[in-house]
Amino acid sequence: WNNGKLLDNVSEVINGDTIINTLTLPQLSRHHLYQQFTCQAANSDLSMPIVSSVTLDLSFPPEGVSILSSNEALSDTESYSLVCESRGSRPAAVITWFKNGHMLTDTKTQVLSDGNVTRSTLHIHPNKKDNGAILLCRADNPKLPGSAIEDVRNLTIYYTPKLNIKVGLNIDIMDIKEGDDVYLECKSQANPGVYNVKWFRNGDVLIHNQSTGVIQSNQSLVLQKVTKVFSGIYTCQATNIEGTGDSNAVKLNVKFLPICVTGQKYVYGGSRHEEVNIMCQVESYPPAVQFRWALNTSMEVTDVPKTRSSSIRSTSTLSYTPHDQKDFGTMMCWAMNELGQQEKPCYYQIVPAGVPESVSNCSVTLNNSALGGAVEVECESGYGGGIRQSFTLEVHSLSSNASLAQIQQQDEPYFTVSGLKPGTEFKILVYAENSQGRSRPSSFSLHTPIDVAERQTSANIVSAQYMLFTSPVFQILLGVVVALVICCVVLLILLKMRSGKRRSTRDIQGPIETQVVYDKVDTNVKSCGDAGFVKEGLASPDIILVTPDKMNMSDKDMFQQYISAKEASIYINPGSLHNSDPITHEESDRLLQESHMYSIVSHNHKPSPVLQTSLGGSDSISNYGHLTPSASSITSSLRSGSIFSSSSGHGSSCTVALHPDFQPQDYGCESSALTPLVIPMSPMTPRTRESSV
């Protein structure tokens, strides 16, 4: 039975009581997986049949395998992950990677969908050798031999060009002579192909120029009729989409006969019986191995014995001594290498030594960067007489022509002179000399400038003054200052006029006494830091000079007259003070008892007057900081320049004491609502001016 369907009911009897039924499934397929088959046996309708079941578990080969990654070219500069997937294998398939038949092991396998799908990831870093390689992915069920299936991919690898220079056939790069042709080819290995091929000689790009013998064609370089200037190191460079590659270096040394080195000394001077050393310098490849010397006089050419010369590398030195006039002339030098003797000799003139020529074209430069400033003198040298010459500079005073300094034995006419006095004119002499004598001096005058710092300072001052006077800000400030000056002048005139009036008062005959005026009380509470003085904003105190025409006025009349003229001011006349008599002025006593009277000050030119008065209440007078509290009447010694103050008796007190120089000696305040205003004036101690009050 299968799924309620009878498949087979034919039985076979074996050994009497044994009955067998064999079920044959002709061809299993994937739908048979997990199918249940049941065998049922019964011998009577009176009994229940017995049953036995079996479930089929099948193994399947892989249905398919494929490399999922795209078939694009890979770069040798990158790393990649390639994925191969197998489906339908039971149990899960085993996936293996191969490259050109060699198994790859850098893989990671995953089993998905209950084992129906197997996925393998290959990690690869390709190189140029992998280009064209065969990559294979194989899926296999180990339980089913011969069930393996495969997927294959050809690898395409991109890489930067690999270049190599090849020399043309039948060319020996080590034996190239002048006049030969050279063929070079830049061989490349690159994927994709190269473009923009360049050739270099000693790092410099070669330009195609057939007229100079340089021909470039594709990746080839042809050098026609080479000369010694073609010698150097050759390289090539090519580019593709992956980058730029450089080739190996090929060194080309073109062999050539010796030639004379340019710029060497060609004229030698000498005296009879004095040895002259003549140097012959040549250039050749390979280096010169032998030299030949000969003297060409006006009469003949004479070879010089080889024993008189010595050579080091490509230089030969000849020691030659002229004995008479015919020994002067032209010395010729030939060098030889493996190619042969040079075609044209090097010529050196041997002339009788003479006095050197004078220097010329002298220039003077002031070097301000040097310490203290320096003068640099540079001249052009003339013919040295055929022998070694030296140069000398002398500094002379222009006024006395005395020699001040000298610089000698310089190989070149270049001098640096320092320490010259600024702002002075000097005479400079420059001449050349050798063993034959001295040239005529070249002279010129030099006027040293003033000290650089001094000039800069002067220039800066002038510039600063100019900028200051022309600055708009300065002009505005100047206008403000002028306005202030005008205001001050007007104020001084007004003060002068007021001072004149006061002088006219003092001119009145009779004794003048200083009286004191008391301002209104300030109801604002004073702090101890105020020292009992009036706050800013109170009216300035007034001082009234009592003249003889007012001496007979009563205190009350003068008080009424003054207070009517200026509010908040009270006048007290202490003119009745005497040396020993107490004050008995009733008007003064009454005024002191007024609510707005809170202090009293007395200055008198009379020696040691005595003040005795009844202040009332708890008022007190303090002398030099000495406080006598709760005294209804006190007797205090008055001295010239003393200052006394007292506060009204309302449960508070404030005392102030000052020396004649008006510096506080001692003071104390305790939340006083009354502030004493103290104005000291003494004819005998004129240490203050009205303005200081």
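Is Cys 39 buried, exposed or partly exposed? Cys 39 is partly exposed, with a relative accessible area of 46%, where buried means under 20% relative accessible area, exposed over 50% and partly exposed in between (1.4 Å probe, protein chains only).

This is a predicted model, in which local features need pLDDT of at least 70 and side-chain atom pairs count only at pLDDT 80 or more, while totals for chains, interfaces and linings use all residues. Residues are numbered from 1 along each chain as its sequence is written, and side-chain values use heavy atoms, with hydrogens and water left out.

**Disulfides**

A disulfide is a covalent bond between the sulfur atoms of two cysteines. Here the term is applied to a pair of cysteine sulfur atoms within 2.5 Å, and the count by this rule is 5 disulfides. With bonded cysteines counted along the chain, the pattern is 1-2, 3-4, 5-8, 6-7, 9-10. Cys 487 takes part in no disulfide; its nearest cysteine sulfur belongs to Cys 488 and is 6.9 Å away. The following table lists some of the bonded pairs.

| Cysteine pair | S to S distance |
|---|---|
| Cys 260 and Cys 346 | 1.8 Å |
| Cys 280 and Cys 333 | 2.1 Å |
| Cys 362 and Cys 379 | 2.0 Å |

The link of Cys 260 and Cys 346 is left-handed, with -115 degrees about the S-S bond. This pair connects distant parts of the chain, with Cys 260 in strand 24 and Cys 346 in strand 33, 86 residues apart. Strands (E, at least two residues) are DSSP runs, numbered from the N terminus. Cys 260 counts as partly exposed at 22% relative accessibility, whereas Cys 346 counts as buried at 1%.

The link of Cys 280 and Cys 333 is also left-handed, at -90 degrees about the S-S bond. Cys 280 belongs to strand 26 (residues 276-285) and Cys 333 to strand 31 (residues 329-337), so the bond ties together parts that lie 53 residues apart in sequence. Both Cys 280 and Cys 333 are buried.

For Cys 362 and Cys 379, the torsion about the S-S bond is about 110 degrees, so this disulfide is right-handed. Cys 362 is in strand 34 (residues 360-367) and Cys 379 in strand 35 (residues 374-380), 17 residues apart. Cys 362 is partly exposed at 28% relative accessibility, and Cys 379 is buried, with a relative accessible area of 8%.

**Aromatic rings**

Rings of Phe, Tyr and Trp (its six-membered ring) pair if their centres lie within 6.5 Å; planes under 30 degrees apart count as stacked, over 60 as edge-to-face and the rest as tilted. The count by this rule is 3 aromatic pairs. One of them is the stacked pair of Tyr 266 and Tyr 348, at 5.7 Å centre to centre and 25 degrees between the planes. Tyr 266 lies in the loop between strand 24 (254-260) and strand 25 (267-270), and Tyr 348 in strand 33 (residues 346-352), so the pair ties together parts that are 82 residues apart in sequence. Tyr 266 counts as partly exposed at 32% relative accessibility, whereas Tyr 348 is buried, with a relative accessible area of 0%. One aromatic cluster is formed by Tyr 266, Tyr 268, Trp 293 and Tyr 348.

**Charges over rings**

A charge sits over a ring if NZ of Lys or CZ of Arg is within 6 Å of the ring centre and within 35 degrees of the ring normal. The charged end of Arg 292 is placed over the ring of Trp 334, 4.1 Å from its centre. Likewise, the charged end of Lys 228 sits over the ring of Phe 256, 5.9 Å from its centre.

Notes:
Helix = DSSP H or I, 4+ residues; strand = E, 2+ residues; numbered from the N terminus.
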